[in-house]
Amino acid sequence: TRIQSSIAWINNWKKPSDFFKQSEFKRYFEGAKETASNHGYNLETFNIQELDVTPKRLRTILSSRGIRGVIIPPHPRTYKIPYKSWRDFAVLRIGFDNPSSKRHIVCPDQFEGGRLAAQKMHEAGYRRIGYLSNKNKELRSRYNFLASFQTTRDLLNPNSKFIPPLILESSVPSVKAKASYKSWLKEHNIDAVFTGLSFAINWTHELGLRIGPELGIAGTSIHDSGTDSGIDQRPFEIGAVATQFLTRLISLHEFGIPEIPQRHLITPLWVSGSSLKKNP
């Protein structure tokens, strides 16, 4: 297909390469790039920290290149776009990370993911299932995993004593956090954990527990949580749908702030592996 124009991919990470160290995010980009090419567009990355440009200056650059569509993937910091000066662009965000209520969003259905995890871990034979996360992850996910997981888990085990989630203060593993994890497992007699923290795998090994038989572990993302069981949020498809949605907006000349912002949720898949093999 002949390349007609470009779609801008905004990378506002301090080190642009850090974005691609997360498998989930890398798949977003791959899905978006492949689909853009199929629709006759080139996906052009703009590394904001390296370019050292303001949103106003970036707008001028994009306009001069004839770019009308912009995709903003997850970032560790908010990238604010002035609504008035960017009224000539179709702007789409991926994920719940720093979302604007005035922009369209394509994201994984994390609420469905939490429900699915509770159901499948229950079917695998686990009954004392806990949820492990940190404050940053919960703010970025809008508590979607936590809310649906705990609600479904408690409905499936109505006679089970309530197990509180362990929400760590920091995103960085520490001796104190590991001690909290150990105490939490023991105090609530937990036999399985649903988490998005990859270092929980190492902690569990260091505590002398066999993953699966003694402590089941499932991840909120099998791409980045270090386990072979859990939720496949289908990041490639998320990137692909984001591009499909954006190209439609461009073709219909739907630029600026949408009258009715939309959220396109991508249904997750469940993957069950060795980390959820409970002893008979």
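**Pockets and salt bridges: a chat**

Author: The largest pocket has a lining of 38 residues, and Gln22, Phe25, Asn136, Lys137 and Arg140 are the ones nearest its centre. A pocket here, on a 1 Å grid over the protein atoms alone, is an open set of points where a 1.4 Å probe fits, with protein on both sides within 12 Å along at least five of seven lines, and lining residues have an atom within 4 Å of a point. This is a predicted model, where local features need pLDDT of at least 70 and side-chain atom pairs count only at pLDDT 80 or more, while totals for chains, interfaces and linings use all residues. Residues are numbered from 1 along each chain as its sequence is written, and side-chain values use heavy atoms, with hydrogens and water left out.

Reader: OK, and which element gives the most to that lining?

Author: Helix 6, with six residues. Helix 2 (23-38), strand 6 (129-134) and helix 6 (135-141) are the elements giving two or more. Helices (H or I, at least four residues) and strands (E, at least two) are DSSP runs, numbered from the N terminus.

Reader: How much space lies in the largest pocket?

Author: About 940 Å³, counted as the space filled by probe spheres set on the grid points, which are joined across faces, edges and corners.

Reader: And what about the second largest pocket, how much space there?

Author: About 170 Å³. Its lining includes Leu166, Pro173 and Phe199, and strand 7 (166-168) and helix 8 each supply at least two residues.

Reader: Switching topic: how many salt bridges are there?

Author: Eleven, taking a salt bridge as a side-chain nitrogen of Lys or Arg within 4 Å of a carboxyl oxygen of Asp or Glu.

Reader: Is Glu206 buried or exposed?

Author: Exposed, because its relative accessible area is 52%. Buried means under 20% relative accessible area, exposed over 50%, and partly exposed in between (1.4 Å probe, protein chains only). Lys178, at 25%, counts as partly exposed.

Reader: What does Arg59 form a salt bridge with?

Author: Asp88, the closest N and O atoms being 3.4 Å apart. Arg59 is in helix 4 (residues 55-64), and Asp88 is in the loop between strand 3 (69-72) and strand 4 (90-94), 29 residues apart.
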